[in-house]
Structure formats: structure tokens, C-alpha cells
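Keep the model open beside you.

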Amino acid sequence: MPTSTRRSRLHALVAAAGLALLSVVVLGRPDGAAAAAPGDPAFDDRGAQSFVDDYIGRHGLPGAAYVVVKDGRTVAEGAAGDVEASTPMSVGSLAKGFTAFAVLQLVDEDLVELDAPVTTYLQGFSVGGADPSDITVRRLLSHTSGLPDPLLLPTTGDLAEDVAHISELDVVAAPGTGYAYSNLNYRTLARLVEVVSGESFADYLEEHVFAPLGMHDTRAVVTVTDTAGLDAGHVTAYGASLPLPELRADVGGAGGVISTAHDMGAWLAMQQRGGVSGDGSRLLSEALVAESHTAQPGAGTYGMGWQHTRTASPARIGHDGSLTRYSSRMDLVPSSGYGTAVLLDSYTPTFQHPFSISTGLIEISEGRTPEVGFPVATALDLALAGLTLLVAGLGARGVVRSRRWAERRRRYRAWRLVLRHLPHLVLPAVSGFLLFGLTSGTRNPATPLDAYGLWPAATGLVLVGGVVGIVLVSVRSLAWRRVRAARVDAGPAVP
């Protein structure tokens with residue numbers, strides 16, 4: 001055989017081997033799904049990056065990280081501002097998807113039945129106003145259990161104690177009669193996973209979900225602590241962002257997952273592959289993955305850790321997430337095979353920025369150019385800032401004119417003066433409730449700073465109004481007393 005022919009065949013064999021190796025690296029997984037391949041020409045990743053850059057600039061956000069998947073593989077990921085795609089951040093209620101997945105894994109192993117009472121697995125479980133045996137696993141997963149959703153709960157750091165405290169509460173509706181979103185549902189489910197599996201909830205997720213998916217920067221926590229992903233959040237105000245500590249609370253099962261945009265790509269891709277991990281391992285049956293995405297009886301648009309969104313086009317299955325300093329969104333778009341996750345190291349009280357960014361990324365996947373949008377939250381905050389300055393200005397004017405005000409009312413009796421002051425005491429009372437009423441109690445984890453962070457622009461207005469009210473009442477009352485003392489002969493008091 002001629003040398004040139006042998007070389008040609010050798011080159012062909014080498015080329016074929018190279019292509020085969022490339023196909024294994026890029027496409028060749030046992031389940032036929034492709035590996036992560038950012039830069040897929042079918043998706044405009046430069047346009048996505050530009051859109052996210054422009055968005056956070058327009059809306060005054062400190063940072064945003066995102067990932068885009070298509071048919072079981074990552075096609076783009078990126079970040080803007082002070083975060084990267086690898087930055088750990090709380091994903092808030094996106095954690096419910098992981099909790100539901102863990103419960104369904106136990107269903108898959110015939111260790112749990114969806115329609116069995118939760119008391120089958122948590123024998124001491126109880127709640128006021130309902131027979132706990134009417135609360136099934138499915139009803140917990142779909143928020144149709146009737147459990148309440150209190151704003152503040154005691155912090156124990158232990159799921160068993162957290163679930164035990166539910167016995168002190170009353171249901172808001174009879175189990176199975178309707179949808180009522182409650183973090184207590186998923187707190188209870190996390191405890192169920194612990195009892196049935198014999199592992200802590202965090203260890204279970206690590207061993208059975210995070211590690212198999214290669215989510216190496218993802219972990220679960222029960223309580224908010226000063227740890228990466230919970231210690232660098234912000235709340236937006238006046239077109240900027242304020243770094244404030246996260247509210248101390250127990251978040252296990254309902255909002256206790258810290259992840260990255262990169263890792264969330266692996267999670268979404270597995271959902272698209274019907275429960276199969278990147279290395280071909282099946283983590284959950286395809287039927288149960290589909291069931292988790294399906295709206296449940298009596299739950300409206302809610303499935304099991306996922307919710308249908310029909311108010312935006314195209315229709316999607318996803319979930320919003322937030323704590324008090326972080327916010328997020330994940331979406332799957334069945335009609336196109338795309339999916340997105342968006343993580344923000346900030347929370348905006350009056351606008352869902354993660355949803356808007358996710359919508360923009362979905363529009364890019366369809367070849368459209370998304371709008372960055374008008375900064376509604378910023379405009380609202382600036383309007384409140386204007387009112388705050390107006391209140392402060394009027395208060396200063398009232399202080400300067402306090403003697404003139406007192407002169408006109410020098411013949412008032414004390415009771416009439418008190419009535420005249422009552423309107424000025426409304427905001428001081430509201431301020432006191434915000435700072436101390438909402439944060440009182442030995443088992444209350446909230447602080448006055450947490451109360452301020454609920455909506456800084458609005459609470460700022462209330463607090464300034466409270467200070468102005470107290471100062472104005474004090475100064476006018478003192479001026480009135482002085483005028484009365486100086487003019488005792490001015491005439492009889494008007495009854």
C-alpha cells in the first residue's frame with residue numbers, strides 16, 4: 001500500500017477519532033443529551049449580556065446572574081454588576097422545587113405515597129381548626145393543605161421544632177378546599193424527608209440532588225446566617241441599592257437553598273431531560289417530573305414546586321423566589337424547549353425584576369429584542385422621596401411659625417389643643433408600630449432595621465413624618481404655653 005494512502009487513511013482515522021471524542025465531550029451522554037455548550041449560535045448570548053447590562057443599569061440593581069438552557073443543555077450564562085454566574089446567592093422560594101423533588105424521589109422509591117396523610121410519616125403533626133389526617137402529602141406540595149403563612153415565626157434552627165410550632169396555629173381553610181400559599185407546607189415536607197430518609201434535609205439534598213447534578217456550589221440551610229449567599233444582599237431604594245443584613249429566620253424547605261446561576265443551569269437541564277442527570281443517571285422518573293409540572297387538583301396554576309404562568313407569552317412553568325435581600329426566577333418554556341434562571345443579590349419591594357429579566361431572555365430566545373422597560377420602582381421611590389422632602393419642609397415651616405400658630409390659638413383649652421394635635425400624631429404612632437410593634441416579642445427574629453428594609457422609601461417617609469409630627473407637636477405646645485403665660489389678661493378662654 002502506498003505511503004500516501006496509508007497516511008491518508010491514518011489521517012482519516014485520527015480525524016474520525018477526534019470527531020468521536022468531540023461528540024462524546026459535547027453531545028455524547030448516555031441519555032443522548034448534550035453537555036453545557038455556552039455560545040450556541042441558536043441563542044444570541046451577546047444580546048442577552050447586553051440586555052442584562054442595560055437592565056440593571058436602568059433599574060439601579062447592584063447585580064444579576066443568569067443562565068439559559070435549551071433541550072437539556074446550557075446554551076448561555078452570564079452576569080452583570082457585582083456578581084458572576086458562579087456567585088452563590090439565595091434562591092428564595094425556588095427552593096420549593098428542590099424540596100418537592102426530594103419528596104417525589106421518596107415517592108419513586110415507594111417510601112412515601114402522595115395521597116397519604118402527612119401524619120403517616122409525622123405522627124405528632126397537628127394544626128388548629130382541622131383534622132391533620134386530612135392534610136396529605138399532595139396537598140402540602142400543592143399548597144392546598146389550608147396551613148397559614150405567618151409573616152414572622154420563631155427561629156429555632158431545627159426543622160423538627162419548626163414543624164412542632166405549627167400546632168400553635170390555625171388553618172386558614174379546610175384542607176383540600178382551595179389554594180393558599182404557605183411556606184409552612186414546604187417546611188413540613190422538608191421534615192418529612194428527614195424522618196423518612198433518616199438524613200438531615202441538607203445532607204439528603206446534597207447526596208441525592210446536588211452532587212449527582214454537579215451542583216458543587218449549591219447547598220441547603222435551615223436558618224439564615226452570615227454565610228456566602230446570604231451575607232451580601234441589598235434592598236433597592238431611590239434608584240440605588242442599600243446593603244442590609246438578611247432577616248434572621250428559619251427557611252429550611254421553603255427558601256433555604258443557596259445556589260449559582262451556573263448550577264441552576266444543571267437543575268433546569270435535568271428537568272428538561274425528564275429527571276436524568278448529566279452523566280445519564282436517573283434521579284426521578286419521567287412521570288413524576290411531569291407530575292410536578294402539572295397543575296394539581298384545587299391548586300389553580302400550582303403544581304408541586306412549580307407554577308404555570310399564563311399571563312405572559314409564551315406560556316411557561318416556573319417559580320419566583322425571594323428573601324428580604326435576594327430575589328430570583330426560574331422558567332421552563334415547553335413550546336420552545338428553552339429555560340432560564342435569574343438570580344439577583346437584591347430585592348425590590350414593588351417590582352419583580354427577576355421575572356422581567358427572565359421574560360427578556362425568553363424573548364431573545366425567540367429572536368425578539370426585549371425592552372429594558374421604564375424604571376417603575378425607581379420612579380415610585382423618587383415620588384416618595386419628594387413627599388418625604390415636602391413633609392420635612394412643611395414641618396420646618398411649622399416650627400418656624402410655631403409662635404404665630406400659638407398666638408391664634410392662645411384661648412384654646414388644653415383638651416381642644418390636644419384634639420388639634422391628634423392628626424400630627426398619626427405618623428409617630430405608625431412609626432412606633434413599624435420599629436417596635438413589628439419587632440417586639442421574645443421569639444420575634446425581626447429588628448428595627450429589618451422593618452426599615454421592608455420598603456425603605458415608604459418607611460423613610462413614615463419615619464420622617466413621625467419625627468416631624470413629634471417635633472411639631474412639642475414645639476407648638478411649648479409655644480402655646482408661653483403665649484398663655486405671657487397673656488393671662490388677654491381675655492377669657494373660649495370654651
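The exercises below concern a predicted model.

**Exercise 1.** Find the salt bridge between aspartate 226 and arginine 248, and state what the pair ties together.

*Solution.* Start with the contact: the two side chains meet at 2.9 Å, N to O. Salt bridges are counted within 4 Å, so the pair qualifies. Aspartate 226 lies in the loop between strands E4 (219-220) and E5 (234-237), and arginine 248 in the loop between strands E6 (240-243) and E7 (257-259), so the bridge ties together parts 22 residues apart in sequence. Last, check exposure. Aspartate 226 is exposed at 61% relative accessibility, while arginine 248 is partly exposed at 36%.

**Exercise 2.** Classify glutamate 407 and arginine 410 as buried, partly exposed or exposed.

*Solution.* Their side chains form a salt bridge of 3.9 Å, N to O. Buried means under 20% relative accessible area. Glutamate 407 has 16%, so glutamate 407 is buried. Arginine 410 has 25% and is partly exposed.

**Exercise 3.** Which residues form the positive surface patch that includes Arg401?

*Solution.* The members are Arg397, Arg401, Arg404, Arg408 and Arg420. Now locate Arg401: it sits in the loop between helix H11 (376-400) and helix H12 (402-408). Arg401 is partly exposed, at 37% relative accessible area.

**Exercise 4.** Describe the annotated transmembrane regions at 417-440 and 452-475.

*Solution.* The annotation comes from an unreviewed UniProt entry, which also lists 372-396. For 417-440, the end C-alpha atoms lie 32 Å apart, with 71% helix and 0% strand. For 452-475, the end C-alpha atoms lie 27 Å apart, with 88% helix and 0% strand.

Terms used: Residues numbered from 1 in each chain as written. Predicted model: local features only at pLDDT ≥ 70, side-chain atom pairs only at ≥ 80, totals over all residues. Heavy atoms only, no water. Patch = residues over 30% accessible without salt bridge, like charges linked within 9 Å, V, L, I, M, F, W, Y side chains within 5 Å. Areas by Shrake-Rupley, 256 points an atom, 1.4 Å probe, with all protein chains shown as cover. Lys, Arg positive; Asp, Glu negative; His and termini not counted. Charge placed at Lys NZ, Arg CZ, Asp CG, Glu CD. Helix = DSSP H or I, 4+ residues; strand = E, 2+ residues; numbered from the N terminus. Buried < 20%, exposed > 50% of the residue type's maximum accessible area, 1.4 Å probe, protein only. UniProt positions renumbered as here; feature names shortened; annotations may be inferred.
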